[in-house]
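Biologist: I'm new to this one, so could you walk me through a few places in it while I have it open?
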Amino acid sequence: AFEAQRSDAAARGSVHRHHMLARSRLPAALPLRRLLSTKAIPPPKLFDYATVTSHIHVSDAISAVEAAFGALARGKVDVPFPMHIGIDETASAGPGDCHIKGGYVSGESTWTVKLACVSFYKNVADGLPPGGGIFVVMNAKNGAPLAVIQENRFLTDVRTGAAGGISVKYLTKPTDKTVGFIGTGAIAKSMARATAAVRPGFTGFAYGADAEMAQSFCDEMRAELGCEFTAVGSAEELCASAKVVFTQTPGSATVLERSMLQPGSTVIASGSDQPTKQELPVDLLANCKYVCDLVGQVSKVGELRSALAAGAMTEADVYAELGQVVNGDKPGREGDEIIVCDLTGTGAQDAAIGQVAWEKLSKL
C-alpha cells in the first residue's frame, strides 16, 4: 500500500518501527568518538527565485515526473500524506494556507520536502504575489541538506504541468489537437507548455471568469508556443471546441457539465487539492473512465471526494492511477469514452522536480 493511504495510527507505528530499526543497526561497540563526528555538514546552497525561473522549464520535468508516477504505482516511492496549515486572519497574520508535501523515489540520490503557501490574498494590496514557497532538497545518502530553493510555487506549477502533459500523452488520441483551458492563471500556462512538448501544433481555447485575463493568456501562449489560441465566452463553447479540457480553478463551484463534453473528451482537472474545492460535477465523475494521481489522496482532497460523499462512487470505481497507465498495467485511451484525470499533486512529483532542479542548478 502507498504511504499516503496508511491510517494515521499505522503511519505512527511505521515511524516508530523505522526508529527502532535504525537504532538496531548501530554496532554495539561503536566508539563514542566516531558517533560524535568532528566533521561539519556543508551548508546547503541557496537558489533565489530569479535563478530558478530562468533555468528550469516544464520540458525538463516531463520525463522525470513520468518515471516518478511509474515508480509510485510500483510502490517504489515513499510519499506521506500532505500536511495542511491554515493561517487564520488576525491583526498580525493571514488569511492564507500552507501545504507541505514531499517524497523519495527509491534509488534516487535526493529526496525533497516542499512548503507551498497560497491564498495570502492581502499581499496584492502590497504589490506582492498571494503566496510563496521553498523546496528543500536533501542528500539521500547522508541526510544532509543540499539546497534551499526559493521557488514561490514555480516548481509546483512546473511539476503540475508535467503531470498534465503526461496525461495528454497517455489518455488522449494522437489526433486530439484541440485543447481547452478553463482557468487561465499560472497553472494553465504550465499545462499549455507541457501539452506543447508532447502534442506540438495543437489549437488552444481558453475561458475564464476574467475575460481580459483569458485574452492575455491566449496572446502570451500564442507568442511563446507558436500555437493558435482563441478566448471564448463560456465553458460550453470551450467544450464544444476542444477534445482535451484542462480545468485549473481555485473555487468550490463546478466549472462544466457532463452534457457539454464531446464523445471521446479528456478532462484533466487540477484545481481540487483541498476538501473545500470541487471543479467537476458528480454525475460526470460517476459516468467516466476515472484516472487519478493517487487514490488515497484524491479520496480526501480531490474530485473523487465529492463523489464518495454523494454515494455515487467508491474507491473501487477508480479505473487506474496514472502511474499504472504509464507502466502499461492498464490501457489509457481505448475509444470514444469520456476520461477524467484527477491531479491533486503528489510528493512523488515534488521529489522528481527537486532532483531535476538540483541537477541543473548545482552546475551553475
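Biologist: Which helix is Ser306 in?
Modeller: This is a predicted model, and in it Ser306 sits in helix 11, the helix that covers residues 303-309.
Biologist: Buried or exposed, that Ser306?
Modeller: Ser306 has a relative accessible area of 7%, and because buried means under 20%, Ser306 counts as buried.
Biologist: And what does Ser306 touch, beyond its neighbours within four places in sequence?
Modeller: With those neighbours left aside, Ser306 is in contact with Gln278, Val282 and Leu285.
Biologist: Switching topic, at what angle do helix 4 and helix 5 cross?
Modeller: The axes of helix 4 (residues 58-73) and helix 5 (residues 154-171) cross at roughly 70° and come within 8 Å, which means that helix 4 is roughly perpendicular to helix 5. The crossing in which helix 4 passes helix 5 is right-handed.
Biologist: Which residues make that contact?
Modeller: From helix 4 the contact uses Val58, Ala61, Ile62, Val65, Glu66 and Phe69, while the residues from helix 5 include Val158, Gly161, Ala162, Ile166 and Tyr170. Sorted by class, the contact between helix 4 and helix 5 has ten nonpolar, one polar and three charged residues.
Biologist: What about helix 4 and helix 13, how are they oriented?
Modeller: The axes of helix 4 and helix 13 (residues 347-361) also come within 8 Å, and they cross at roughly 140°, so the two helices are oblique to each other. The crossing of helix 4 and helix 13 is right-handed.
Biologist: And who is involved on each side there?
Modeller: Helix 4 contributes Asp60, Ala61, Ala64, Val65, Ala68, Phe69 and Leu72, and helix 13 contributes Ala348, Gln349, Ala352, Ile353, Val356 and Lys360. In that contact of helix 4 with helix 13, ten residues are nonpolar, one is polar and two are charged.
Biologist: What is around Asn139?
Modeller: Not counting residues up to four places away in sequence, Asn139 touches Ser109, Trp111, Ala144 and Leu146. The side chain of Asn139 also reaches the backbone nitrogen of Asn142, at 3.3 Å.
Biologist: How far is Asn139 from Thr110, C-alpha to C-alpha?
Modeller: Asn139 and Thr110 are 4.9 Å apart in space by that count, although 29 residues apart in sequence.

Key
Residues numbered from 1 in each chain as written. Predicted model: local features only at pLDDT ≥ 70, side-chain atom pairs only at ≥ 80, totals over all residues. Heavy atoms only, no water. Helix = DSSP H or I, 4+ residues; strand = E, 2+ residues; numbered from the N terminus. Buried < 20%, exposed > 50% of the residue type's maximum accessible area, 1.4 Å probe, protein only. Contact = heavy atoms within 4.5 Å. Axes fitted to C-alpha atoms, helices over the stretch in contact; angles between N-to-C directions. Parallel < 35°, antiparallel > 145°, perpendicular 65-115°, else oblique. Left-handed = near helix turned anticlockwise from the far one by under 90°. Nonpolar A, V, L, I, M, F, W, Y, C, P; charged D, E, K, R; others polar. Polar contact = N/O pair within 3.5 Å; in protein donor to acceptor, adjacent residues only side chain to side chain.
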